[in-house]
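Reader: Could you walk me through this structure, one question at a time?

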Amino acid sequence: MSGGSWSTLVRSLCFIGLISLIHCAYSAAQHRSYLRLTEQEFTRLPADILLQTVVSLVLICYSAAHVAGDFLPIRADTQVRTKSWDTVGNCPSFYTFDHRAKSLSPYFAADLRPQ
Amino acid sequence: MEVKDWTSVCFDEGRSTLRHWREDHVRRPEESVELWEHVLSRRPSALGDELWVVYEQVCIAALDCARLDVAAECMNALQKKFPNSHRVLKLQAMRLEAMGRYDDAVGVYDTLTARDEANPSYRKRKVAVLKAQGKRTEAIRELNDYLKKFLNDNEAWLELSNLYLGECEYAKAAHCLEELILAQPHNSLYLQRYADVKYTLGGTDNVEQAKQYFLQAAKINPNNMRALYGLFFSCQWLVQKTTGQKRKEYVALASWATDQLIDRFQMAADESSAHLDDQVKTVEQMFAALKLFSSA
C-alpha cells in the first residue's frame, strides 16, 4: 500500500505547491498596491515572497514529475517503426520499367512461337 | 496484405491514400492507376494544386504497369500546363525508357544535365537506364562517380548496396549500408539489413558483428521478426565455434530471442485468430536443439 500512499502524498504536495504559488502572486500584488498607497518606490519584492516562490516552484516541479509517471526513452523512430522493407527499401529515382508487369499491358503482343 | 477494391472508395479517401503513397515512396502502381481512373479523374479540379503532383505520380505508376495510354494522357496535361519544364521532359524520357528506347532516353538526360548541372535526378536516371539494360558493372561505376559528387544521398547509397548485392560483393554492400546507418542510426531496418549482409559474409568476426547489429535492431523495434531470427541464428552459429563462458552468453541471448519470437507469434495469433501454433512449436524446438548442443 506504500505505493498508493506515496502517490497521494505526491499529489497533495503538488496541490500545496500550486496553492503556495498562487498565494505568492496574490501577496506580491498586494505588496505593490501597498507601496503605491504609501507612495514608495518599487525596487524589489520582499525576501520572504521571493523565497516562497522559489520553494513552491521546486516543489511543483518535483511532485509533477512524480505524478506524471515513469520517464520513457525518447524514440527517434516512431514513424519508421510501422514501415516494412517494401517501402523503406524503395529508391524512387532508380525505378526501372523492364519487369514482368509489361505482360499485364493490354497491348502486349507476346511472340509465343518457339524460337 | 488484404486485397482492397479501390474503384469504389470515396474521393477524399482516394486522395489521402495517394498522398500517403507519394510521401512514403510506396510502389503500388496498379492500384495507383486504378485510383486515378475510377476515383480521382472524375473530378480533377477538386484536387487543386495537388493535381500536377498527382499527374506525375500516376504517370510513373502507369509506366510501371505498362499502361502507356494513361501515361500519355497525364503527360499531355502536364505538357499543356508547364510547356518548357525540365521535370516534364524527364517524364518523357522515362516514357522512352519504358518503351525500350534507351539511347533516346540517355540523349534526353544528357541534354537535361547540360542545361541543369546541379540537379542530381538526371544522373540517377542514367544509372537506372544502365541497370535496365543489364549493364550492372557500368551502373556501379556511374553510381560511384555520382556519390563522389553528391555524398549524402541516402537513396543512392541504398541503390548501390543493392547493385553490389546483385554482384555478390558483400563487403562493399556492407560499406554502403554503413553510410546509410550513419545517416539514420535509429532505423532498425537498415541495421537488420547490414547484419544480414555481415552474417552472409561469414567468419567469426562478421557473425559476431551481425549478432550485435541484430540485437540493436531488435531492441529498437521489437516487432522486427527478421532481426530476432537473425539474432537466434547468429548465436546458434557462434555457439558452435566457441566454448565455455561465451557459450552461456550466446545461449542466454538466443533464449531471449526465442521468448520475444513466441510473444510476437502469440500476439499475432490473438489479433488475427490465425493458427500460429506450428511456428511457435518450431521456434521452441530450435531452441531446445541449441540448448542440447551447447550442454553436450
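Author: Happy to; here come some notes on conventions, then questions and answers. This is a predicted model, in which local features need pLDDT of at least 70, side-chain atom pairs count only at pLDDT 80 or more, and totals for chains, interfaces and linings use all residues. Residues are numbered from 1 along each chain as its sequence is written, chains are lettered from A and ligands numbered from 1 in the order in which they are written, and side-chain values use heavy atoms, with hydrogens and water left out.

Reader: Which residues of the largest nonpolar core touch the most other members?

Author: A nonpolar core is a set of buried Ala, Val, Leu, Ile, Met, Phe, Trp, Tyr and Cys residues joined through side-chain atoms within 4.5 Å. Buried means under 20% relative accessible area, exposed over 50%, and partly exposed in between, with a 1.4 Å probe and protein chains only. The largest core has 56 residues, and the members touching the most others are L143(B), L160(B), L231(B) and F232(B).

Reader: Which helix gives this core its largest share?

Author: Helices (H or I, at least four residues) and strands (E, at least two) are DSSP runs, numbered from the N terminus. Eight residues make up the largest share of this core, and they come from chain B, helix α14 (residues 245-272).

Reader: Leaving aside neighbours within four places in sequence, what is L143(B) in contact with?

Author: Contact here means heavy atoms within 4.5 Å. With those neighbours set aside, the partners of L143(B) are F94(A), V127(B), A156(B), E159(B), L160(B) and L163(B).

Reader: Is E159(B) buried or exposed, and what does its side chain meet in a salt bridge?

Author: E159(B) is buried, because its relative accessible area is 6%. A salt bridge is a side-chain nitrogen of Lys or Arg within 4 Å of a carboxyl oxygen of Asp or Glu. The N to O distance in this pair is 2.8 Å, and the partner of E159(B) is K131(B).

Reader: How many residues apart in sequence are the parts that this pair ties together?

Author: E159(B) sits in helix α9 (residues 154-166) of chain B and K131(B) in helix α7 (residues 121-132) of chain B, so the parts tied together are 28 residues apart in sequence.  At 27% relative accessibility, K131(B) counts as partly exposed. To repeat the value asked for, the separation is 28 residues.

Reader: Which residues are linked in a network of salt bridges?

Author: One pair is E50(B) with R19(B), whose closest N and O atoms are 3.2 Å apart. This pair links distant parts of the chain, with E50(B) in helix α3 (residues 50-64) of chain B and R19(B) in helix α1 (residues 11-23) of chain B, 31 residues apart. E50(B) counts as buried at 13% relative accessibility, whereas R19(B) is partly exposed at 32%. The network links R15(B), R19(B), R22(B) and E50(B).

Reader: What does UniProt annotate as "transmembrane region" in chain A?

Author: UniProt positions are given in the numbering used here, feature names are shortened, and annotations may be inferred rather than shown by experiment. In the model, residues 12-29 of chain A are 100% helix and 0% strand, with end C-alpha atoms 26 Å apart. Residues 49-72 of chain A are 83% helix and 0% strand, with end C-alpha atoms 36 Å apart. According to the unreviewed UniProt entry, the annotation covers residues 12-29 and 49-72.
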